[in-house]
Amino acid sequence: MWKLLQIELFKIFRKPRTYIAFAAIAAFILLIQLALLVNGRQYLEFMLGFLDDGFFIPYDQINNGYWICFTILNLLLIHVPILVALVAGDIVSGEANMGTLRLLASKPVSRSQIILAKFMASVFYVIALLFWMALIALVLSLVLFGANDVVVAKSTELHQIEKADVLWRYFAAFGFASLALIMVASLSLLLSTLSDNSIGPIVATVCIIIVCTLISEMQIPLYDKYLRPYLFTTYMLGWKGFFYIGVDADGQTIKGSLQNGPAILKSIGVLLAYIVFFVSASVFVFRKKDILS
Amino acid sequence: MPPVISVRHLSKQFGDTLAVDDLSFTVHEGDIYGFLGQNGAGKSTTIRMLLSLVKPSSGEIRIFGKDLNSHRSSILRQVGALIEKPDLYKYLSAYENLALFAKLSGLKADRRLFMHKLDMVGLAGRASGKVKTFSQGMKQRLGIAVALVHDPPLILLDEPVNGLDPQGIADIRNLIRSLSRDEGKTILISSHLLSEIELTANRMLIIHQGRKMVEGEVSALLDPTRSLVQLDTGNDVETRQKLQQTGWKDLVQTTGDGIQLKMDLKKVPELVSDLVRMKVQVISVKPSSTLEDYFLSLTTRPGHVEAFTD
Amino acid sequence: MKKIIRLLVAVILFCPGDLRAQEINQLVQQVRAKLNQVNDYEASGRMKTNVAFLKVPISGVRIYFKKPGQLRIKNEKGISFVPKGAVSINLGTMLNSGKFTILDGGNDQVGGVPVKVVKLLPEDEESDLVLSTLYIDVSALVILKTRTTTRESGSYELELSYGKYKAYALPDKIIFSFNTRDYKMPKGMTFDFEVDSEGKKEEVKGKTKKGRAEITITNYTINKGLPDSVFSN
């Protein structure tokens, strides 16, 4: 199995396409950093300006490395599924398209192992991608902008987390984001086993995520009641839950706490269930598949 | 000693299409077994079933005496295959492709062995070249190296000379012969070209629309005393009439374009001199060896098929 | 003429109690004089903000004051959202800010301490201040509570308790209560993480829109001189 995984990783990381994602992420993050370096205050005034008549808002202190990393993740993580689909959607169907799948599947390794190795390679890719993202979005932002408390805007609340209480939340958030993106990878993998060309699964993954995100965010009571609880996109934003801090009876934030820990746990559970389902379905489909490509 | 491949009543249905229909055949150790059929006859589907790429709808496949379904991995470890176009990882080098598939067949990295195999197919000099820069012939040869790298006793080659130039075709033929002769490999080779099978195989099976037409020794099936000869003359109608008045009349085939005779090739000079004597304007006389013609020769005489089967 | 009307209104509204208008004026003057002992101070304290939509930690703050009316609250580390009205915590500033009509509001109690209620109406009609009610501990000459209405910043209330620095009329603890507006950003901008959207909405509706900031001050450095630079941004 380890041998198969090595081979899959070798294939992924020798493919030029793989690096598109790394380049895109770096370009995007650097653009945001540049923008916030030059116009960070204006952006914050736009976001928080309506508080201005009641409070002194320390814009320059809010515009720090931790806040910038949050802003980057907020803008970027919604789009990263496309980059994950680009690799995971291609992982079986791309080989079918290229014609190497028949050679691979006629080797003395079981079909289940092939799929599991491909899944694990996708997981590795997702983690590498997030590690890269963390390096630029978090480490570089901290180097460029320094650290301070992070202020996170929810639609009806502002959450401020003290500097010393932030870093673990980023680790947790990146961990959660990995899980969400692994879920995307497993969906892409399933679609990839169903297709013999790579464009189909990539486009299908992206479409499914867009439609589900729209339904999740449209705030239509009918959908909120009957669809939203079952869509994985509802749970993919759970990384933000680590930046919603809990308060005591007196309204003061409690260091190291979460506003809604159970919701995060539930999200992790739902995402894991989806992953197990998609990967099992991929194994099932691939075991049954006649390889005609 | 069990046969290397034993296929019994194998069928495969895709939707409404029966791609392989109740096919049975046997390949013995040391055979170069020709698997002959037109495009779409079911050759590739059968080979894919032998490699467990396609699941049979019914029937049984035993390789090295073991059931393929229940001993898939141990069987596949001893099989090398080239299936249709040899598609490889384009973004990897020849050496990387070979090493990757060798690893999958259970081999440890062994640079000397891998280079030796590349040398065997004439690619040692291009070991580090990316496959996307390779010509079709080079890919084909690399595909064969991949099929042979783990030294399998059974080799399945699906249309191995497709897309090769004449020199390439000759090289592959020689390689196949030497693998059989010098290394005692059992080889199953499919082709839609009769000449290809004729030149390499000792036994063969002809498949048409998923069904077995004949199976047997090549020397017996392609008996030169029953060859089909194509006659091209100035006036075919007149020639046909003239032939009806001679002893050749029973050999003239009723179907097909122009005039065809099923006859011993040795008697061609005699036929030509008769035609000249009858003042027939002979443009050409050529023994036919296309598969279509061969099918024709089989199908024009119903009942003949059984006579060839063993 | 206006003055006379004001006075008349005052007389009608607040019938003479224990003290006559003059005595009330005198009380205010005494309080002001006590406050005016302080030319400047620097103090450190902790600010606890309690606003429904603001989930913030207790922050360490430094407060700088210099006559006539410069006051600055800076956070010691991290970030703090200082309510704008909180700059009015220095009562001397208000009492020095102009001429008032001072009215007797009778007697009351604040936290068990008997107080005199005094109302200030600024004479300048353009003044931001509309009305301020002071609850004065007559024996200590300190203000325990104020309730102020302004044109620009709405109404707010201060509750003050004194300890070590009572002699300077500087409080140990200030509770600043104010009105806040609703806070709502489009979800399309924030992309909130909400698993259960329905429960959430009710919670927001239930909360009051009163904000509170509680500042506890531990030590003052009084009248040691402060450069103006601490008040510039």
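Visitor: In which sense do strand β1 (residues 40-50) and strand β3 (residues 59-66) of chain C pair, and over how many bridges?

Guide: This is a predicted model, where local features need pLDDT of at least 70, side-chain atom pairs count only at pLDDT 80 or more, and totals for chains, interfaces and linings use all residues. Residues are numbered from 1 along each chain as its sequence is written, chains are lettered from A and ligands numbered from 1 in the order written, and side-chain values use heavy atoms, without hydrogens and water. Strands (E, at least two residues) and helices (H or I, at least four) are DSSP runs, numbered from the N terminus, and two strands pair if DSSP finds at least two bridges between them. In chain C, β1 and β3 pair in the antiparallel sense, over 8 bridges.

Visitor: Which residue of β3(C) is the bridge partner of C:D40?

Guide: Strands of a sheet pair through backbone hydrogen bonds, either parallel or antiparallel. Here the pairing of β1 and β3 in chain C is antiparallel. The partner of C:D40 is C:K66.

Visitor: Which are the edge strands of the open sheet in chain C?

Guide: The sheet has 10 strands, in the order β4-β3-β1-β12-β11-β10-β9-β8-β7-β6, with antiparallel pairing. An edge strand here pairs on one side only. The two are β4 (70-75) and β6 (100-110).

Visitor: Which chains share the most contacts?

Guide: Contact means heavy atoms within 4.5 Å. Chain B and chain C do not touch, and their nearest C-alpha atoms are 40 Å apart. Of the 2 pairs of chains in contact, the one with the most contacts is A and C.

Visitor: What area is buried between chain A and chain C?

Guide: Buried area is the accessible area (1.4 Å probe) that two parts lose on being put together, summed over both. Here 50 residues of chain A are in contact with 38 residues of chain C. Carbon and sulfur atoms give 58% of the buried area, which is about 4,300 Å².

Visitor: How many salt bridges are counted between chain A and chain C?

Guide: A salt bridge is a side-chain nitrogen of Lys or Arg within 4 Å of a carboxyl oxygen of Asp or Glu. Between chain A and chain C, the count is 0.
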